[in-house]
Amino acid sequence: MDQRAIFLKEVFNELMKWVERTGGEVCLRLLLKRTLYEQFVGGETPRELRQCVRKVSGAGMRCMLAATMEEDVGQERRAEEVYQGNCRRILDAIELSSDTCPSPMIQLKLSGLLPARLLVRVGDLYTASMDSRLRTVEAIADQMVKDSNQVSAFQESLDCAERDTLGKAVRRLKDICERARCKNVRVLVDAECTHLNEGLSALCLGAAAAFNSEVPVVWNTYQCYLKEADQRIREEMGLLSEGVNVCFGAKLVRGAYMLQERQRAQQQSLPDPICDDYNATSTNYDKIASFLLTQAGPRCHFIAATHNEESIRLVIQRMEDEKIDRCFVSFGQLYGMCDQVSYPLANVRQSLRRGF
Ligand SMILES: Cc1cc2nc3c(=O)[nH]c(=O)nc-3n(C[C@H](O)[C@H](O)[C@H](O)COP(=O)(O)OP(=O)(O)OC[C@H]3O[C@@H](n4cnc5c(N)ncnc54)[C@H](O)[C@@H]3O)c2cc1C
């Protein structure tokens, strides 16, 4: 399966290079726009995107816009203006979705708001000890209610420049969450690679602690291809619902970085964090979805973000059997993928999100 995916990617890359060599960049752009781009991208301009969101809303689906780009350790060519620009684009996505679609969500990659190296440092502080998780989350939440650009906690662990950079990132996240809460938009933080995920959780749960008191505004993402997924979601749910007494929101996915994870584990002689095979990932997914269904309610919402028909069927069946209200559970599919699943789901009025 992995080898076939790599082979297809290589064939595609070669094909695109050949089109560019023979027809030039204009020809390549035209070809991509008419094929892959129109199939998978909702629009190039706000106007095009609005039209697309309206079309999808007309078919009974809701939108989940994605803005910004991720960055990994060693790829930090970005300056503060780039992070600020990403933040503006996310704020624009909130505006656009709130005036085009009912009860929208947005997805964002936090690695587009601060340097990946700092994200790793924050992750290390978060996981340092049993108590440090709650302490870090509370320190970030506390920072969100202050009107200061420099983080006042972590004096002994981060230097002045790091605290300054973290302070600016927390400020951006606060602006995003504040706007989202005011416009009734849900903020779903994407999961990325495992070496970034602890830092992402620290920031995401910090924002949730500050903004989820009445409803789950900020949600984290859980990758079920990870062996530790079940433990992770239970810990984070406990931290928010019991530790700081706020609502919990989860996006449940299988996971998109399998090749990178396995490569990294091999290179660094670490244990492979990914389930042994596809069936083990699917068992994990269905088990965690079942657990979330036992928790679903006004203070716990979740979205089954998957194209897998079996997993979707299982969630719908359990919702029907246990009479779980649709407003607590949604389904998410990427734009241009799996229409054969999305349209029937929208027809039976399941709460369906289309990710752009
Ligand atoms: C709305 C939406 C939001 C998403 N957000 C994120 C996100 O924030 N972070 C993220 O990482 N991904 C995200 N994804 C992608 C997601 O993680 C999956 O890669 C993608 O959806 C395919 O999984 P599936 O359940 O849809 O389909 P399926 O075809 O049933 O599953 C494919 C997945 O199974 C797993 N898998 C395949 N082969 C193996 C193997 N040999 N061993 C172990 N596991 C295997 C992999 O995770 C693979 O992607 C998102 C997807 C959607 C629809």
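A residue counts as buried if 20 or more other C-beta atoms lie within 10 Å of its own, as exposed if 12 or fewer do, and as partly exposed in between, with C-beta atoms placed from the backbone. Keep that scale at hand for the single-residue stops.

This is a predicted model, in which local features need pLDDT of at least 70, side-chain atom pairs count only at pLDDT 80 or more, and totals for chains, interfaces and linings use all residues. Residues are numbered from 1 along each chain as its sequence is written.

**Stop 1: a loop residue**

Select asparagine 245. Asparagine 245 sits in the loop between α8 (229–243) and β5 (248–253). Helices (H or I, at least four residues) and strands (E, at least two) are DSSP runs, numbered from the N terminus. Is asparagine 245 buried or exposed? Asparagine 245 counts as exposed because it has 11 C-beta neighbours inside 10 Å. Methionine 61 and asparagine 245 are 184 residues apart in sequence, and their C-alpha atoms are 32 Å apart in space.

**Stop 2: two positive phi values**

Most residues other than glycine have a negative phi. Two residues here have a positive one, as the next selections show.

Select asparagine 184. Its phi is near 60°, a positive value in a residue other than glycine. Asparagine 184 lies in the loop between α6 (160–183) and β3 (186–189). With 13 C-beta neighbours inside 10 Å, asparagine 184 is partly exposed.

Go on to serine 269. Serine 269 is not a glycine, yet has a positive phi of about 50°. Look for serine 269 in the loop between α9 (258–267) and α10. Serine 269 has 6 C-beta neighbours inside 10 Å, so it counts as exposed.

**Stop 3: helices against α7**

Two packed helices are described by the angle between their axes and the distance between the axes. Axes are lines fitted to C-alpha atoms, for helices over the stretch in contact, and angles run from 0 to 180 degrees between N-to-C directions. Angles under 35 degrees count as roughly parallel, over 145 as roughly antiparallel, 65 to 115 as roughly perpendicular and the rest as oblique.

Select helix α5 (residues 132–145) and helix α7 (residues 194–211). Their axes come within 8 Å and cross at roughly 55°. That makes α5 oblique to α7. Residues are in contact if their C-beta atoms, placed from the backbone, lie within 7 Å. On the α5 side, show Thr136, Val137, Glu138, Ile140, Ala141, Met144 and Val145. On the α7 side, show Ala202, Leu203, Leu205, Gly206, Ala207, Ala209 and Ala210. This contact has eleven nonpolar, two polar and one charged residue. Ala, Val, Leu, Ile, Met, Phe, Trp, Tyr, Cys and Pro count as nonpolar, Asp, Glu, Lys and Arg as charged, and the others, Gly among them, as polar.

α4 and α7 pack at an angle of about 75°, with axes 7 Å apart. That makes α4 roughly perpendicular to α7. The α4 residues include Leu119, Val120 and Tyr126, and they meet α7 residues including His195, Leu196 and Leu200. Nine residues of the contact are nonpolar, five are polar and one is charged.

**Stop 4: α8 and α10**

Select these two helices. The axes of α8 and α10 come within 10 Å and cross at roughly 25°. That makes α8 roughly parallel to α10. Ala229, Asp230 and Ile233 in α8 meet Asn284, Lys287 and Ile288 in α10. By class, the contact has three nonpolar, one polar and two charged residues.

Stay on α10 and pick tyrosine 278. Tyrosine 278 is exposed, with 12 other C-beta atoms within 10 Å. Arginine 254 is 24 residues from tyrosine 278 in sequence and 9.6 Å from it in space, C-alpha to C-alpha.

**Stop 5: the ligand**

Select the ligand. How many residues surround the ligand? There are 25, and the closest are Asp190, Val253, Arg254, Asn308 and Gly332. A residue is near if its C-beta atom, placed from the backbone, lies within 6 Å. β4 (218–223), α10 (278–295) and β7 (329–334) each supply at least two residues of the shell. β7 gives the most, with three residues. The shell has twelve nonpolar, ten polar and three charged residues.

Conventions. Contact = placed C-beta atoms within 7 Å.
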